[in-house]
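Good morning, and thank you for coming. Please keep the sequence and the model in view as I speak.

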Amino acid sequence: QVPPGYRAHDPESLRGYLAEISAVRDRLGGDPAAWTIEEVGDGNLNLVFKVRGPAMGVAVKQALPYLRLVGEGWPLPLERAHFEHMALSHEARHARGLVPEIYHYDETLALIAMELLEPHIIMRHGMIAGTVYPKFADDLSTFAANTLFFTSDLALKAAEKKAMVAAFAGNTELCKITEDLIFTEPYMVAERNRWTAPYLDPLAASIRDDGDLKVAVSRLKVKFMCDAEAMLHGDLHTGSVMLTPQETRVIDPEFAFMGPMGFDTGAVIANLLIAYFSQVGHESAPGGRDDYRAWVLQATTDFWNGFRAKFKKLWEENGTGDAYPAPLFASEAGQKRLAAEREAYLDRLFADTLGFAAAKIIRRILGLAHNIDLEKITDERVRATAEARCLRLARDMMVNTGAYGSIEAVCGQAERLN
Ligand code: ADP
Ligand code: MG
Ligand code: MG
Ligand code: MG
């Protein structure tokens with residue numbers, strides 16, 4: 001089943017392998033025998049090694065033929081490294097400096113050697129510690145606006161866009177994970193579901209019994225499956241952002257495919273809202289994290305408003321794709337109509353964003369994969385309290401999406417529920 005030539009590296013076999021790759025060997029410098037190599041993968045899916053030489057460090061990510069979170073019983077195609085590499089390359093072009101630089105890619109080994117991000121840490125850990133990231137909202141809104149706009153029909157010619165759809169169409173098994181784990185299982189009895197029992201039992205049951213919610217999530221699912229709007233990162237949570245207060249990098253786009261833009265923007269907002277509600281479990285005294293809570297909501301607001309402004313400007317200045325043909329809007333009246341249409345487009349994208357954000361929140365509390373923001377709260381009553389607040393907001397965002405006219409309205413509702 002594993003393709004010929006593939007083997008999962010351990011630190012020693014990786015040393016021998018990298019010693020033969022000049023793009024990596026020369027960067028590390030010195031004698032390969034003196035390199036330090038440690039496996040650090042904390043993710044669910046892959047091996048990640050940190051390799052350090054006298055000159056600099058390199059990160060090496062290798063896909064495993066099974067899902068690490070669950071074990072060898074859940075096979076997963078190695079081709080996801082191909083899609084991750086392809087997505088990283090597009091992201092590097094469109095969002096320069098916001099992704100790790102790639103040094104080497106080996107298709108057979110499903111292996112990517114890239115810039116070692118140091119002293120950057122995973123954002124989720126920073127948010128649990130209460131660290132403020134002043135550049136995050138600006139950087140992530142740039143990342144999302146640029147990668148989504150420039151891979152959409154607003155920027156691309158039809159043939160270029162369809163070539164991208166074809167190039168990413170094969171990432172079906174990772175899409176299927178999303179389709180099952182995010183849009184389906186949390187809303188039914190499923191073996192892989194778990195939640196903070198017994199405290200959340202009634203809320204979990206009410207969600208499984210909520211017809212309006214199941215229709216709403218099914219509409220989002222069909223949008224996810226059908227709307228090839230732009231190249232998505234596909235897993236844009238705070239565990240896929242590595243940063244310092246000065247610098248932001250987005251990693252881990254193995255779920256990349258051509259899908260609805262709101263899935264990526266929604267992922268960012270979902271994870272910020274989860275971090276917001278989690279603070280009750282991380283403060284040493286009640287109210288101890290109030291300043292931090294205020295920053296999280298400000299970052300949420302700045303992310304969306306920044307994204308919207310940047311996306312609109314990109315469209316105004318680079319709207320050379322085959323969508324919205326210029327001759328149709330050439331007159332002064334036409335220009336006015338197009339300007340209004342951009343606002344309508346972004347209003348629709350905001351509604352998608354809120355729906356997908358809600359789906360992302362619910363799956364982290366009732367589905368298979370949970371967030372350490374919440375999981376690290378050892379007092380289960382406190383954790384369940386935070387989780388219930390997340391679920392109430394998410395349910396309302398998904399079913400009453402139209403009631404939220406702005407990101408400020410979402411943050412206001414979060415404050416009322418907290
Ligand atoms: P997975 O797909 O298994 O989630 P990730 O790409 O998210 O794998 O990487 C897992 C972990 O490895 C990250 O959470 C981070 O701690 C570390 N890591 C990944 N890429 C780098 C990098 N370029 N530099 C430093 N650490 C990294
Ligand atoms: Mg990851
Ligand atoms: Mg992951
Ligand atoms: Mg991943």
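Two strands are said to pair if DSSP finds at least two bridges between them. Helices (H or I, at least four residues) and strands (E, at least two) are themselves DSSP runs, numbered from the N terminus. This is a predicted model, in which local features need pLDDT of at least 70 and side-chain atom pairs count only at pLDDT 80 or more, while totals for chains, interfaces and linings use all residues. Residues are numbered from 1 along each chain as its sequence is written, and chains are lettered from A and ligands numbered from 1 in the order in which they are written.

Let me begin with the domains. The domain assignment, with bounds that come from an automatic or database source, gives domain 1 (11-115) and domain 2 (121-417). The centres of domain 1 and domain 2, taken over C-alpha atoms, are 27 Å apart. Contact here means that the C-beta atoms of two residues, placed from the backbone, lie within 7 Å. To the contact between the domains, domain 1 gives 19 residues and domain 2 gives 24.

I turn to the sheets. Five strands make up an open, antiparallel sheet in the order β1-β2-β3-β7-β6. At its edges are β1 (36-39) and β6, each of which pairs on one side only. From one strand to the next, the twist averages 15°; axes are lines fitted to C-alpha atoms, for helices over the stretch in contact, and angles run from 0 to 180 degrees between N-to-C directions.

We can walk across this sheet. Strand β1 is joined to β2 (residues 46-52) by four bridges, and the two run antiparallel; Glu39 has Phe49 in β2 as its bridge partner. Helix α1 (residues 11-19) packs on the sheet, where it touches β1, β2 and β3, and its direction makes about 130° with that of β1. Further along, β3 (residues 57-63) pairs with β7 in the antiparallel sense over five bridges, and Gln62 stands opposite Leu111 in β7. On the other pairing, β6 (residues 102-106) and β7 are antiparallel over four bridges, with Asp106 opposite Leu111 in β7. Helix α3 (residues 80-94) lies across β3, β6 and β7, at about 30° to β7.

Is strand β7 itself enclosed or open? A residue is buried if 20 or more other C-beta atoms lie within 10 Å of its own, exposed if 12 or fewer, and partly exposed in between, with C-beta atoms placed from the backbone. Four of the five residues of β7 (residues 111-115) are buried, so the strand is largely enclosed by the rest of the structure.

The hairpin of β6 and β7 has four residues between the strands, and there Ala110 takes a positive phi near 55°. Ala110 counts as buried because it has 27 C-beta neighbours inside 10 Å. Tyr324 also has a positive phi, near 45°, and sits in the loop between α11 (290-318) and α12 (332-366). Tyr324 counts as partly exposed because it has 15 C-beta neighbours inside 10 Å.

A further open sheet has three strands, antiparallel, in the order β8-β10-β11. β8 (121-122) and β11 (248-250) stand at the edges with a single partner strand each, so one side of each is left without a neighbour in the sheet. Two bridges join β8 to β10 (residues 241-243), and Ile122 has Met242 in β10 as its bridge partner.

There are also cis peptide bonds to point out. One joins Glu118 and Pro119, with omega about 5°, and Pro119 lies in the loop between β7 and β8. Another joins Ala197 and Pro198, with omega about 0°.

Finally, the cores. A nonpolar core is a set of buried Ala, Val, Leu, Ile, Met, Phe, Trp, Tyr and Cys residues joined through C-beta atoms within 7 Å. The largest has 97 residues, and among those with the most contacts inside it are Leu273, Ala358 and Cys390. Domain 1 (11-115) and domain 2 (121-417) both give residues to this core, so it lies between them. A second, separate core has 21 residues, including Leu14, Ala59 and Tyr103.
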